Amino acid sequence: MTAKCADKAVNEKDARKQMRRLLDIQAIINGDSVRAAISPNVTLVQLLREILDLPGTKRGCDRGECGACTVLVDGAPVLSCLMLAADVDGRRVETVEALARGPDLHPLQQAFVELGATQCGFCTPGMLMSARALLETESSPSREQIEKALGGNLCRCTGYTKIVDAVEEAARRIGKEGARHG
Amino acid sequence: MGERRWMVGRRTPKGDAAACVTGQARFTDDIRLPRMLHGRIVRSPHAHARILGVDASAAMRIPGVLAVITGKDLPHPYGIIPWTQDEHVLCVDKARYIGDAVAAVAALDEETAARAANAVAVHYEPLPAVTTVEQALAPGAPVIHEGNKHGNVLKHVELAFGDVEAALAASDVIVDLESTFESTTHVAMEPHCAIGQVEPHGVLTVISATQVPHYLHRELARVLELPMDRVRVIQPNVGGGFGGKSEPFDLEFCVAKLAMMTGRPVKIRYTREEVFYAHRGRHGMRMRHRVGAMKDGRLTGCDAKIDIDGGGYASFGLVTTYYSGQLLAAPLHLPAYRFDARRVYTNKPACGPKRGHGSVQPRFAFEVAVDQLAEKLGLDPMELRRRNLLEGGNRTVNGLLVRSNGFAECLERVEKASGWKEKFRKLPFGRGVGVAGSFYISGTNYPIYPNDMPQSAVQMKVDRSGRVTIFSGVSDIGQGAMSMLAQIACEELGVLPTSVRVLAADTDLTPVDLGAYSSRITLMAGNACLMAARQLGDKVRDAVARRWNCQSVDVLLADGWAMRQSDTAQKVAIHDAFQWAETDGGTLGSVGHFNTPKDVHGSYRGGTIGASPAYSFTAHVAEVTVDPETGRVRVENIWAAHDGGTALNPLLVEGQIEGCAVMGLGEALFEEHTFHPSGLHRGPTLLDYRIPTTGDVPRIHPILVETNDPVGPYGAKEAGEGPLHSSIPAIANAIHDAVGIRVNAVPFSPSQVLRLLHAKEVLDAAAARV
């Protein structure tokens, strides 16, 4: 057969109607109270990327294997491709877009830049969110603890060495900063 | 200005690093255009089947489906190598592997596109499939490409340099090593993604995660029957390539065709499963290497026989076949060398170039054979290698011209850093060290399609704000190609990195660069950039010298200033210097280009393949522990010394060395692209196809060996692929040092290690009884 091209106007109207069964959710996303009407089968990564226009969170496999879509839900790292958006109703979500404070990079981000821990950058947002969750619970983690915390985040460029170095360095800097203010 | 450099050689973060860590780097899948549709490709469930018909009527009835295309809509064959164009965007007559593209749909959203793809009814007549080289070569085997001259053999290369049989016959010792290397794949973290759009003025724009915008541009125009000046290719941030995005793929043509049909932008993004079918990864090989040596350790010759499992299409296979032999002729001097390599079609996803294209597999075999020779002769393998060094400036036995060679220093540095002398043959049972060496090309002297135009070009503009803008076709796929250009502009024009903009890989706006493959960018685009920048630098220095009544050579551009070398207190801000130059000579712009030497290669058929302007050298020492109970190998340390010439940016060079070492470790220990006898992939997921995680990674000790190459910019060579080669054989040789077994099948699975350990125990026990 050869190519077929539909009468798009008619189809588009039908299609929109079929997609109508929507669910209202409300969540705190990167500090903002967000309301959205979503299909029940929309995943969290789809909500973030396609509905809320937060493309920093990446889709590397859509099946919970690569860690590129890692975000924090109520402070804990989750794979946003495996969580339904409906499940974050009433909860707090943080993505890589919220890591920097205005123009100031988070110490993790700063260390990733300076130490060469990002090459292609595709795994980086997920890597940073996993690292952030670690530093929230363990302020001066050992290399082994860092490796364990990042064990679900795949990177194919760096060989991980500089990533672990950067998390170690960021923890050290945050500790120093804390000591100065404390 | 001599050797004084203020920017080259500095550890400088990648220009887009801040964008990457804040989530602002724009990858193709991050781009959403108004009214954009989503496409999906229908793939064959049969490894080999005739396509009798495609019925799209059910798919078209699904609300929200706008178009369906099949093979007949895109009838022109294509392929990255002009002499072996054996692919169609969508199969026309036959499907040749499970996952081969048969049709494509466009719909309002991804979910509808997926449903529509399932609803396309394809009528197949299944044919017998061949999924191993043996099956494909058997008499009467089904032929995968009927038009191919030699049945299922895509390419057969036999080349001999010197009298190998005589050399081996005269040898004191010979190692005869049969080995296998399983196919592995790239697993860039970003799945392939492309968007097609027809602009109102009739230009087709394809935005794609590609490593080769220029070749994609050419093939899109040819297959879609459009003049090249009506096609635009834009490559945004790419989430890793490693060779897996270095030729055109079905989705790029499909989004273009579907956009042309619907008048709306169309995006297709591979699922992770589809990435495994797109493949083009490392070829599986069965090899036999016979290597001879004299009692004093001097090598006499090498005879190689290599069967290459190619998969369903040619891809880069013609080049792979040559590389599997050509790239063994250094760093050790081979007085005589012969190879016989053939690449064979099988009904599996096509193999292609993966980091260290074609040469990683034979390098594994050869370096293990060299280790065996050293063992037989009672020599330290470091010492044996040292006795066979290719001399600087020499040609290899097959005619490759090596202008700079830091291999001896690489060996010395890893020997010292690893504590080799205290460890080799001295560690307790279960622990060991191994060494291996290798070399690699910095680009190819000949482009993929024959032409004599420059391989890379740069346009540069300097304006009165103090900003330098670089236009270049280079593909930055995470390796830092754009940062490399910026760094060269800074070095030459005295501006700070924050004052440089690099606009890259947009075929409407940037001059041609052939792409991110064969480790060519630093040497080629770097030289083009240097040429452009130096012209502008001269104009700026002249303008300053005129005002200071001094010689132009006395003016130094550095660190944001134009200053007098003989009296650095006399200085002016660089943007003022630019304004003087613009005042004197008008608007400031320049072009630079680089073309390869075309006369430097062996004067035999095929002698141009493997010829490069410069070669990098590597040596690794790996330290491993082997658990004799489980057969599990753990790599504890890798010392990796790499001669990549002058390290323009040591931070990024280290990143390449570390990334190579770990990618090699994954291939050595567990990566395997394996198939059911039916041709079904055994696990096209990241749980089944395991790549290294943080838990697998040893301490890596990168060591930069900096020779000053006469062709490379500031003496720089490649670092992106060379450092992978030594990784696998170094681990194999370390396993031998640890437990006394010779692994000869990559990957070194626990079951292989256990089997060999048991065999050794039986032999040892038998020997003890005698």
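The model is predicted. Chain A has 182 residues, of which 49% count as buried. Chain B meets chain A through a contact that takes 58 residues from chain B and 54 residues from chain A. The largest nonpolar core holds 308 residues.

**Chain A**

- Chain A has six helices and six strands.
- Along the sequence, these elements follow the pattern β-α-β-β-α-β-β-β-α-α-α-α.
- Take the contacts in chain A between residues at least 6 apart in sequence: 59% of them join residues at least 24 apart.

**Where the chains meet**

- The contact draws 58 residues from chain B and 54 residues from chain A.
- On the chain B side, α1 (17-21), β3 (65-70), α7 (250-262) and α17 (650-669) each supply at least two residues.
- The largest share of that side comes from α17(B), with seven residues.
- By class, the side of chain B that touches chain A has 33 nonpolar, 18 polar and seven charged residues.

**The largest nonpolar core**

- This core has 308 residues, and V105(B), L485(B), A489(B) and I735(B) touch the most other members.
- Helix α15 of chain B, residues 521-548, gives the most to this core: 14 residues.
- A489(B) has contacts beyond its neighbours within four places in sequence. They are M460(B), V468(B), I470(B), V495(B), V500(B), C529(B) and A533(B).

**Helix α15 against helix α16**

- Helix α16 of chain B covers residues 574-585; its axis and that of α15(B) come within 8 Å and cross at roughly 90°.
- At that angle, α15(B) is therefore roughly perpendicular to α16(B).
- From α15(B), the contact uses K539(B), V540(B), A543(B), V544(B), R546(B) and R547(B).
- From α16(B), the contact uses A577(B), F578(B), W580(B), A581(B), D584(B) and G585(B).
- By class, this contact has seven nonpolar, one polar and four charged residues.

**A four-stranded sheet in chain B**

- Four strands form an open sheet in the order β16-β24-β25-β26, with mixed pairing.
- The edge strands are β16 and β26 (699-705), and each pairs on one side only.
- From one strand to the next, the twist averages 15°.
- Strand β24 of chain B, residues 615-626, is mostly covered, with eleven of its twelve residues buried.
- Strand β16 of chain B, residues 431-441, runs antiparallel to β24(B), and eleven bridges join the two.
- Within that pairing, G432(B) has V624(B) as its bridge partner in β24(B).
- Strand β25 of chain B, residues 633-643, pairs with β24(B) in the antiparallel sense over ten bridges.
- Here, E623(B) has N637(B) as its bridge partner in β25(B).
- β24(B) and β25(B) make a hairpin with six residues between the strands. In this hairpin, G631(B) takes a positive phi near 80°.
- β25(B) and β26(B) run parallel, joined by seven bridges.
- A640(B) stands opposite P702(B) in β26(B).

**A three-stranded sheet in chain B**

- Another open sheet has three strands in the order β4-β2-β6, with antiparallel pairing.
- Its edge strands are β4 (94-95) and β6 (121-126), each pairing on one side only.
- Strand β2 of chain B, residues 49-55, is joined to β6(B) by six bridges, and the two run antiparallel.
- V54(B) stands opposite V122(B) in β6(B).

**An exposed loop residue**

- H201(B) lies in the loop between β9 (193-198) and β10 (204-208) of chain B.
- Is H201(B) buried or exposed? H201(B) counts as exposed because it has 6 C-beta neighbours inside 10 Å, and 12 or fewer is the cut-off for exposed.
- H201(B) and P729(B) are 528 residues apart along the chain, and their C-alpha atoms are separated by 55 Å.

Note on methods: Residues numbered from 1 in each chain as written. Chains lettered and ligands numbered in written order. Predicted model: local features only at pLDDT ≥ 70, side-chain atom pairs only at ≥ 80, totals over all residues. Core = buried A, V, L, I, M, F, W, Y, C linked by C-beta atoms within 7 Å. Buried ≥ 20, exposed ≤ 12 C-beta atoms within 10 Å, placed from the backbone. Contact = placed C-beta atoms within 7 Å. Axes fitted to C-alpha atoms, helices over the stretch in contact; angles between N-to-C directions. Parallel < 35°, antiparallel > 145°, perpendicular 65-115°, else oblique. Nonpolar A, V, L, I, M, F, W, Y, C, P; charged D, E, K, R; others polar. Pairing = 2+ DSSP bridges.
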